[in-house]
Amino acid sequence: MADIVIKGADQLMHKLEVMPKSLNNALWDANFDIVQVADEEAVRELQSSTKHSSGELSSSLKYEVMEDTDGHVIGRLWSDNPVATYRELGTGLVGQESPKNLPDDVHPVYTQHPWFIPADKVDTDLHAIYGMPEIKINGKKFYRTNGQPARQFLVPAIEDAGEQGPKIIKEHIVKELGKLG
């Protein structure tokens, strides 16, 4: 009876053992790239569409890559600045009526009545910038508003990065598997 020898079996077994870790590394790195693409697009949209800005909103963006409880690698992009929420969803009746793209499980609640902003509490002329009417109450100047429309920058950036995701993931997997030889 002849002995059968499989050359490279040990190497093959080693590659199969490390492959899950290599694929996880590829997904981890790809998620970082995808989230960075979304971050860059959100910042670009903010900077190109905001006339009176200090850059505070774009610098408030944060992102992370993590593993959820099921072991899935997830990238997240967000801002903890409340202005980001107001800009993304709009405010008041105007925001409620403005077109926006929201995930199925997001149902914002909007203020249903106008509100007044004391003119001495803001450093810009809201009438000149946003067309908010100025009114005087007991000799004190206020701006009246029914809200602002949604001007989304996060959802479109995340969606676009998601469309690029499969290509980015494939590149990282090919690169990582190429290291196995």
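Reader: How are H1 and H6 oriented to each other, roughly parallel or roughly antiparallel?

Author: In this predicted model, the axes of H1 and helix H6, which spans residues 154–180, come within 7 Å and cross at roughly 150°. Angles over 145 degrees count as roughly antiparallel. The relation of H1 and H6 is therefore roughly antiparallel.

Reader: Which residues, by class, make up the contact of H1 with H6?

Author: The crossing of H1 and H6 is right-handed. Sorted by class, the contact of H1 with H6 has six charged, five polar and 19 nonpolar residues.

Reader: Is Asn138 buried or exposed?

Author: Asn138 lies in the loop between strand S4 (134–137) and strand S5 (140–145). Most residues other than glycine have a negative phi, yet Asn138, which is not a glycine, has a positive phi of about 50°. Its relative accessibility is 82%, and the cut-off for this class is over 50%, so Asn138 counts as exposed.

Reader: What separates the C-alpha atoms of Glu64 and Ile74?

Author: Glu64 has its place in strand S1, residues 61–67, and at 25% relative accessibility Glu64 counts as partly exposed. Ile74 is ten residues apart from Glu64 along the chain, and the separation of their C-alpha atoms is 8.3 Å.

Technical notes:
Residues are numbered from 1 along each chain as its sequence is written. This is a predicted model: local features need pLDDT of at least 70, side-chain atom pairs count only at pLDDT 80 or more; totals for chains, interfaces and linings use all residues. Side-chain values use heavy atoms; hydrogens and water are left out. Axes are lines fitted to C-alpha atoms, for helices over the stretch in contact, and angles run from 0 to 180 degrees between N-to-C directions. Helices (H or I, at least four residues) and strands (E, at least two) are DSSP runs, numbered from the N terminus. Angles under 35 degrees count as roughly parallel, over 145 as roughly antiparallel, 65 to 115 as roughly perpendicular and the rest as oblique. A crossing is left-handed if the near helix is turned anticlockwise from the far one by less than a right angle, and right-handed if clockwise. Ala, Val, Leu, Ile, Met, Phe, Trp, Tyr, Cys and Pro count as nonpolar, Asp, Glu, Lys and Arg as charged, and the others, Gly among them, as polar. Buried means under 20% relative accessible area, exposed over 50%, partly exposed in between (1.4 Å probe, protein chains only).
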